[in-house]
Amino acid sequence: MYDVLIIGAGIVGASVAREFSRYNLKIAVLEKDNDVADETTKANSAIVHSGYDARSGSLMAKYNVLGNAMYEDLCKELSVPFKRNGSLVIAFNEDEMKHIETLYKRGLVNGVPELSIISKEDVKKLEPNISDEVVGALYAKTAGIVSPWELTEALMDNAIDNGVELFLNTKVLEIEKKENYFVIKTNNDTFETKNIINCSGVYTDLIHNMVAPESYKIFPRSGEYFVLDKTQGARITSTIFQCPSELGKGVLVAPTIHGNLLVGPDSIEVEDRSDISTNAERLEKIKSLGSRSVKDINFRDCIRNFSGVRSENDRDDFIIEESSVKGFFDVAGIKSPGLTSAPAIAIDVIKMVADSGLKLDEKSSFVPPRKHIIFMNLSPSEKAELIKQNPAYGRVICRCEMITEGEIIDAIHRPVPARTLDAVKKRSRPGMGRCQGGFCGPRVQEIISRELNIPLQEVVLAKDGSYILTEETKK
């Protein structure tokens with residue numbers, strides 16, 4: 001019998017799991033995929049928003065500002081790269097400048113610090129490559145960029161180090177409410193728990209409806225992106241937004257935490273909650289809109305396109321509440337700024353469950369996060385000493401990103417082990433560069449096979465069934 005069972009291992013589920021792991025409780029996390037951060041968390045804009053956009057008084061506004069303030073310390077503690085690069089909402093005419101003023105006033109009400117309206121001249125000083133059509137902008141100095149999958153994996157690693165049990169490839173099929181607990185049937189096993197935290201992303205309403213009367217609906221919305229090579233990454237330093245519309249914050253142009261350039265997303269409602277396909281027509285529109293913000297983006301340097309699905313809902317706000325069934329809690333509709341808000345949401349979820357009757361007994365010793373080695377960030381003397389201790393750090397496997405065999409082995413043997421090429425890629429970045437794994441992919445596959453003692457044919461690209469090899473072609 002678990003005290004708390006969390007459904008979903010994205011950024012929200014991982015944040016909640018880690019916060020619960022501070023207490024003497026029996027906790028489980030169920031994830032239907034073969035890795036954490038494999039759905040919306042893997043495919044978003046990777047922006048830590050400042051908090052001016054959300055409607056004042058909403059949960060989105062509250063948790064955006066609270067979460068933003070937590071990021072610097074959280075990422076430092078977890079050895080996850082994070083940078084406050086600031087953001088600009090640019091206006092192309094006086095009508096849009098009026099909307100900029102509205103966003104500014106809303107940001108002040110929401111409690112956003114270091115927010116200002118700046119002139120065209122000041123915009124150009126900050127970003128020389130910005131469009132000449134810009135007439136002014138809202139400047140949010142506290143906005144940042146982060147790696148969502150690295151953060152999620154680090155949160156879950158630390159949760160596991162503190163006693164949380166993670167069950168991958170475990171899809172919830174049925175939930176039955178007993179008098180004082182729940183029985184959860186999955187494709188693998190049956191679990192019993194006193195409390196359920198529903199963090200299942202675009203599937204939250206479906207999970208909710210297994211145990212409680214319908215109270216909200218999720219509408220999946222797809223967004224597509226361009227990832228450009230690092231040759232384009234230096235064109236801007238800030239995250240550049242256009243004035244938002246009823247469909248969201250619109251197409252952005254942003255540097256990534258690792259030096260690439262990201263352009264997107266659009267926003268299209270889809271029927272299939274797992275639809276991550278891309279479309280040439282949609283990508284052409286994104287290209288056009290992105291080029292309006294920043295001059296001379298060379299889209300020939302695109303190294304990847306991707307899409308993600310986010311959770312719109314019929315309440316137009318985050319849904320963070322205990323349902324009509326005692327002990328079942330929804331954390332639903334977590335669209336942008338969900339990544340920013342997740343750390344703050346997690347703290348309040350713990351309070352909410354405690355208010356419902358769960359006794360919290362804080363651990364006398366909380367295992368601190370493990371430090372993850374990023375070899376290229378070390379000094380020459382630190383590199384030499386590390387190679388002396390472990391020669392695997394002296395063998396570069398990914399030449400694009402300069403990732404060593406030691407870092408790949410570390411990723412494979414973390415508390416949440418990397419068993420696929422994409423899982424290794426999310427943790428330590430081989431395959432993230434210009435060649436997208438064309439050079440290092442086969443070598444990473446061999447290292448996974450060796451370290452896990454499994455046949456090469458069992459090493460898949462990403463989700464189960466995405467095989468790379470089936471049999472030997474020659475002896």
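Helix 5 (148–161), strand 18 (302–313) and helix 12 (421–428) each contribute at least two residues to the lining of the second largest pocket. Helices (H or I, at least four residues) and strands (E, at least two) are DSSP runs, numbered from the N terminus. The model is predicted, so local features need pLDDT of at least 70 and side-chain atom pairs count only at pLDDT 80 or more, while totals for chains, interfaces and linings use all residues. Residues are numbered from 1 along each chain as its sequence is written, and side-chain values use heavy atoms, with hydrogens and water left out.

**The second largest pocket**

- A pocket is defined on a 1 Å grid over the protein atoms alone as an open set of points where a 1.4 Å probe fits, with protein on both sides within 12 Å along at least five of seven lines; lining residues have an atom within 4 Å of a point.
- The volume of the second largest pocket is about 880 Å³, a volume being the space filled by probe spheres set on grid points joined across faces, edges and corners.
- Its lining has 38 residues, and Lys 42, Ala 43, Trp 149, Arg 304 and Phe 306 lie nearest the centre.
- Strand 18 gives the most to this lining, with six residues.
- By class, the lining has 17 nonpolar, 10 polar and 11 charged residues (Ala, Val, Leu, Ile, Met, Phe, Trp, Tyr, Cys and Pro count as nonpolar, Asp, Glu, Lys and Arg as charged, and the others, Gly among them, as polar).

**Helix 2 and helix 9**

- The axes of helix 2 (residues 59–78) and helix 9 (residues 338–355) come within 6 Å and cross at roughly 95 degrees (axes are lines fitted to C-alpha atoms over the stretch in contact, with angles from 0 to 180 degrees between N-to-C directions).
- Helix 2 and helix 9 are therefore roughly perpendicular, a term for angles of 65 to 115 degrees.
- The contact of helix 2 with helix 9 comprises 11 nonpolar, five polar and two charged residues, where contact means heavy atoms within 4.5 Å.

**Backbone features**

- Most residues other than glycine have a negative phi, and most peptide bonds are trans.
- The peptide bond from Gly 264 to Pro 265 is cis, with omega near -10 degrees.
- The peptide bond from Ser 336 to Pro 337 is also cis, with omega near 10 degrees.
- Asn 169, a residue other than glycine, has a positive phi near 55 degrees.

Conventions
Parallel < 35°, antiparallel > 145°, perpendicular 65-115°, else oblique.
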